[in-house]
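Visitor: Please pick one part of this model and take me through it closely. I would like to know which contacts hold its pieces side by side.

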Amino acid sequence: IMQKKDTKPDRQTQIFAIVILFIFAGSLLAGFVAPLMNRDKKANDQADVQKQIEDLQKQQADAEANAPVPEVDPNLKQEGDITAMQIIDSTTGTGTEAKEGDTIKVKYKGALAKDGTIFDSNSDGVEFKLAAGSLIQGWVEGIPGMKVGGKRRLIIPSDKAYGPQGTQGIAPDSDLIFDIELINVK
């Protein structure tokens, strides 16, 4: 009698076939899932960028909403172009007279002549060296002769202020007006 040969694969071959099947299925699944995952990642990245843009826009809007409204003093407005330096004393001081090279202490308010928008002020008093290169030319020319206790308005054409380059908060070619009180001279 002929013995029937067992055609069943042995256990080791079965395990090998199952492993190959899992590898093949995994590769096939990865081929379908990876693009979906990448699509989701791209969507998440785009959502993150969009959120960052929205956050920046909100911060900018908040900053603009909370920005101080520029103070305007209509008394510091000057009609027309200022072509020459003007010095107007409202109070004549009785103390020491300021001269170029002195260190002066002043209270002041500076405004754009075109509309009276105040761009700088100091009501506590601040010290400056009254010298070319330290101050705008309008101050160097307009403060000498002023005495402690005096109050003076300087109407300054742009060429004796910040000229065509302007400076932070002051547009190029801006004429300026300063109300100055001389507190001390050293």
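Guide: In this predicted model, K99 and D102 form a salt bridge, with the closest N and O atoms 3.5 Å apart. D102 has a relative accessible area of 9%, so D102 is buried.

A second salt bridge joins E127 to K186, and here the closest N and O atoms are 2.9 Å apart. This pair links distant parts of the chain. E127 sits in strand β3, K186 sits in the segment after β5, and 59 residues separate the two. E127 is partly exposed, because its relative accessibility is 39%. K186 is exposed, because its relative accessible area is 58%.

K77 and E79 make another salt bridge, at 3.7 Å between the closest N and O atoms. K77 is at 40% relative accessible area and therefore partly exposed. E79 is at 63% and therefore exposed. The count of salt bridges comes to 8.

Now to the strands. β5, residues 176–185, pairs with β2, residues 103–112. The sense is antiparallel, over 9 bridges. I177 of β5 is the bridge partner of A111. β5 also pairs with β4, residues 151–156. That pairing is antiparallel too, over 6 bridges. Here I180 of β5 is the bridge partner of R152.

Next, the nonpolar residues. In soluble globular proteins, nonpolar side chains tend to be buried together. The largest nonpolar core in this model has 22 residues. I104, W139, I143, L154, I156, F178 and I180 have the most contacts inside it. At least two residues of this core come from each of β2, α2 (137–142), β4 and β5. β5 gives the largest share, 5 residues.

Take I143 from that list. Neighbours within four places in sequence aside, I143 contacts A98, I104, L130, R152, L154 and I180. A separate core of 7 residues lies apart from the largest one. Its members include L76, I82, I118 and I177.

The aromatic rings come next. The count of aromatic pairs is 6. F128 and W139 make one of them, edge-to-face, with 5.5 Å centre to centre and 80° between the planes. F128 is in β3 (residues 118–129) and W139 is in α2, so this pair ties together parts 11 residues apart in sequence. F128 is partly exposed, because its relative accessibility is 23%. W139 is buried, because its relative accessible area is 4%.

W139 also pairs edge-to-face with F178, at 5.2 Å centre to centre and 85° between the planes. W139 belongs to α2 and F178 to β5, so this pair ties together parts 39 residues apart in sequence. Both W139 and F178 are buried. Y108, F119, F128, W139 and F178 form one aromatic cluster.

Finally, a loop residue. D73 lies in the loop between α1 (11–66) and β1 (86–91). Its relative accessibility is 15%, so D73 counts as buried. The D73 side chain reaches the backbone nitrogen of N75 at 2.9 Å. Leaving out neighbours within four places in sequence, D73 is in contact with K109, G116 and I118. I118 is also among the residues of the 7-residue core.

β5 pairs with β2 and with β4. F178 in β5 pairs with W139 in α2.

How values were computed:
Residues numbered from 1 in each chain as written. Predicted model: local features only at pLDDT ≥ 70, side-chain atom pairs only at ≥ 80, totals over all residues. Heavy atoms only, no water. Helix = DSSP H or I, 4+ residues; strand = E, 2+ residues; numbered from the N terminus. Buried < 20%, exposed > 50% of the residue type's maximum accessible area, 1.4 Å probe, protein only. Polar contact = N/O pair within 3.5 Å; in protein donor to acceptor, adjacent residues only side chain to side chain. Contact = heavy atoms within 4.5 Å. Pairing = 2+ DSSP bridges. Core = buried A, V, L, I, M, F, W, Y, C linked by side-chain atoms within 4.5 Å. Phe/Tyr/Trp six-rings, centres within 6.5 Å; stacked < 30°, edge-to-face > 60°. Salt bridge = Lys/Arg side-chain N within 4 Å of Asp/Glu carboxyl O.
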